[in-house]
Amino acid sequence: MSKGIVTRLRLSSLRLRLVVVFALVALTAAVAASGIAYWLNREAVLTRTQDGALNDFRQEMQNRAATLPLRPTQDDLRRTAELMATGSANYQVLLLGERDAGKPIVGASDPDDFTLADVPRSLREAVDTERPVTEANPYPYHLFWQRTERNGTPYLVGGTRVDGGGPAGYMFKSLAAEKADLNSLAWSLGIATALAVAGSVLLAQVAATTVLRPVHRLGEAAKQLGEGKLDTRLRVTGADELADLTRTFNSAAESLQKKVADMSAREESSRRFVADMSHELRTPLTALTAVTEVLEDEQDSLDPMIAPAVALVVSETHRLNTLVENLMEVTRFDAGTARLVLDEVDIADQITACIDARAWLDAVDLDAERGIVAPLDPRRLDVILANLIGNALKHGGSPVRVSVRTEDGELVIAVRDHGPGIPEEVLPHVFDRFYKASASRPRSDGSGLGLSIAMENALIHGGSITADNSVGEDGAVDGAVFVLRLPLDASGITREVQTRSSQGEVEEA
């Protein structure tokens with residue numbers, strides 16, 4: 001078997017199973033057929049040789065041994081045995097008579113080749129046993145035979161006795177020729193079996209190739225389809241089950257391509273709608289913001305009856321402005337147009353500036369060493385920190401602890417509160433858009449986009465954010481912990497993002 005076939009067998013378990021099954025079926029059939037053929041031929045050869053020799057011996061006993069006198073001499077027995085052995089059956093003869101009562105004599109055609117010791121005792125006892133004569137048994141003595149072996153050579157030994165007190169005769173025929181013929185037959189059948197197995201392996205290879213080549217093409221096509229090549233199709237040939245499977249694959253691929261195209265179109269339409277809506281809202285929001293700033297400045301001099309309404313308008317305008325900004329940010333992430341603008345940032349100073357800008361200095365405990373500098377996007381880092389710390393203050397309350405450390409080439413910022421923690425069923429969804437755990441935490445005035453935007457900004461840096469609960473010494477939950485991990489060197493990530501964005505712009509154009 002060639003190296004290529006062996007390699008294919010190793011790489012394809014289905015091919016190997018087909019080859020093994022074909023080989024086992026062929027081996028079983030060939031061994032069964034060879035065994036039956038050998039057994040039938042063996043019985044036929046041995047039966048033909050045995051019957052011919054025994055019939056000839058019986059005839060010689062009737063024609064020659066029966067004519068001997070009742071008390072023959074040893075020479076009479078020897079000459080008669082030699083005459084009986086000269087026939088075409090090619091066997092040796094031994095005649096056993098009595099010179100006087102109780103005084104046996106033996107005459108052999110070839111004493112060097114066949115003696116009384118070569119006759120099995122059981123055979124001699126059967127020959128010497130006189131049976132009563134009845135209607136069913138007209139003869140007191142019968143012809144018996146037995147196969148024996150001497151020095152590895154098989155022999156046929158037969159014996160009978162002449163009725164009326166005549167001598168007993170034994171024949172001794174070699175079956176070496178028959179054994180050689182049967183050995184040749186066994187070798188021939190063995191070779192035929194080996195050729196049948198080899199042929200079955202070749203047929204299995206052909207069958208496996210015929211069956212597995214279309215299956216392999218289907219596998220490759222499915223792989224391409226999984227990689228996003230939705231225009232992948234296969235050429236349909238024939239009208240068998242594999243052709244039907246190919247047609248089904250093509251139909252499924254076409255349906256999938258259509259659905260993906262429809263979904264992409266709807267997603268693009270939704271994204272464009274959100275972007276357009278956000279842009280359209282900015283103009284009236286700018287005017288509303290200017291008005292609310294004036295109202296906010298004059299709030300102390302307003303009529304007490306309308307002051308609460310003015311405060312509500314100011315608050316909701318700020319909230320709407322934040323929502324629109326968040327929607328525009330989400331749209332940029334979805335469109336792949338978000339960019340990193342790196343700068344060498346002192347992490348401690350950046351966190352301090354974020355806290356100070358939002359008047360959180362009294363509510364946040366900062367644990368950060370000076371001098372930890374990393375190339376990051378300051379604006380996006382500020383968005384991440386503002387969302388994480390603001391979320392902790394809203395849901396966990398002060399004090400919120402922010403700790404900074406470096407670990408294995410990463411910047412690790414942990415934000416921990418001392419609130420009720422995050423329920424286990426909520427943890428997998430805390431970074432989902434518009435998700436609010438209102439069942440377990442006070443209802444937030446936020447939009448549900450803050451943590452999602454924080455995660456997107458972390459991912460664009462090549463980092464991540466994880467959420468978990470902190471467990472106290474008594475085993476109870478003692479607040480939630482958000483851990484931000486960013487690479488200390490994000491320049492490689494920036495080049496990769498910019499390259500992908502440039503390719504996307506070229507393809508879109």
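Q: Is Asp408 buried or exposed in this model?
A: Asp408 has a relative accessible area of 77%. The structure is a predicted model, and a residue counts as exposed when this value is over 50%. Asp408 is therefore classed as exposed.

Q: Where does Asp408 lie?
A: Strand E9 covers residues 400-407, and strand E10 covers 410-416.

Q: What is the phi of Asp408?
A: Most residues other than glycine have a negative phi. Asp408 is not a glycine, yet its phi is positive, at about 55°.

Q: Which loop holds Asn151, a residue with positive phi?
A: Asn151 is not a glycine, and its phi is about 55°. With 78% relative accessibility, Asn151 counts as exposed. Its place is the loop between strand E3 (144-150) and strand E4 (153-161).

Q: Is Gln350 buried or exposed?
A: Gln350 is placed in helix H8, residues 347-357. Its relative accessible area is 14%, and the cut-off for burial is under 20%. Gln350 is therefore buried.

Q: Which residues does Gln350 touch, not counting residues up to four places away in sequence?
A: Gln350 is a residue of helix H8. With residues up to four places away in sequence left out, the residues it touches are Val345, Pro378, Leu381, Asp382 and Leu385.

Q: How many residues of helix H10 are buried?
A: Helix H10 spans residues 450-460 and is mostly covered. Among its buried residues are Leu451, Ile453, Met455 and Ile460. Of the 11 residues in H10, the number buried is 9.

Q: Which residue with positive phi follows H10?
A: The phi in question is near 85°. The residue that follows H10 with this value is Gly462.

Q: Which residues gather in a patch of negative charge on the surface?
A: One member, Glu298, lies in the loop between helix H6 (241-297) and helix H7 (307-335). At 43% relative accessibility, Glu298 counts as partly exposed. The residues of the patch are Glu293, Glu296, Asp297 and Glu298.

Q: What share of the contacts in the protein chain with a separation of 6 or more comes from residues 24 or more positions apart?
A: The protein chain has 11 helices and 12 strands. Of its 509 residues, 37% count as buried. Among contacts with a separation of 6 or more, the share from residues 24 or more positions apart is 63%.

Methods. Residues are numbered from 1 along each chain as its sequence is written. This is a predicted model: local features need pLDDT of at least 70, side-chain atom pairs count only at pLDDT 80 or more; totals for chains, interfaces and linings use all residues. Side-chain values use heavy atoms; hydrogens and water are left out. Helices (H or I, at least four residues) and strands (E, at least two) are DSSP runs, numbered from the N terminus. Buried means under 20% relative accessible area, exposed over 50%, partly exposed in between (1.4 Å probe, protein chains only). Contact means heavy atoms within 4.5 Å. Patches are made of residues with over 30% relative accessible area and no salt bridge: like charges are joined within 9 Å, nonpolar side chains (Val, Leu, Ile, Met, Phe, Trp, Tyr) within 5 Å. Accessible areas come from the Shrake-Rupley method with a 1.4 Å probe; for residues, only the protein chains shown count as cover. A salt bridge is a side-chain nitrogen of Lys or Arg within 4 Å of a carboxyl oxygen of Asp or Glu. Lys and Arg count as positive and Asp and Glu as negative; His and the chain ends are not counted. The place of a charge is taken as NZ of Lys, CZ of Arg, CG of Asp or CD of Glu.
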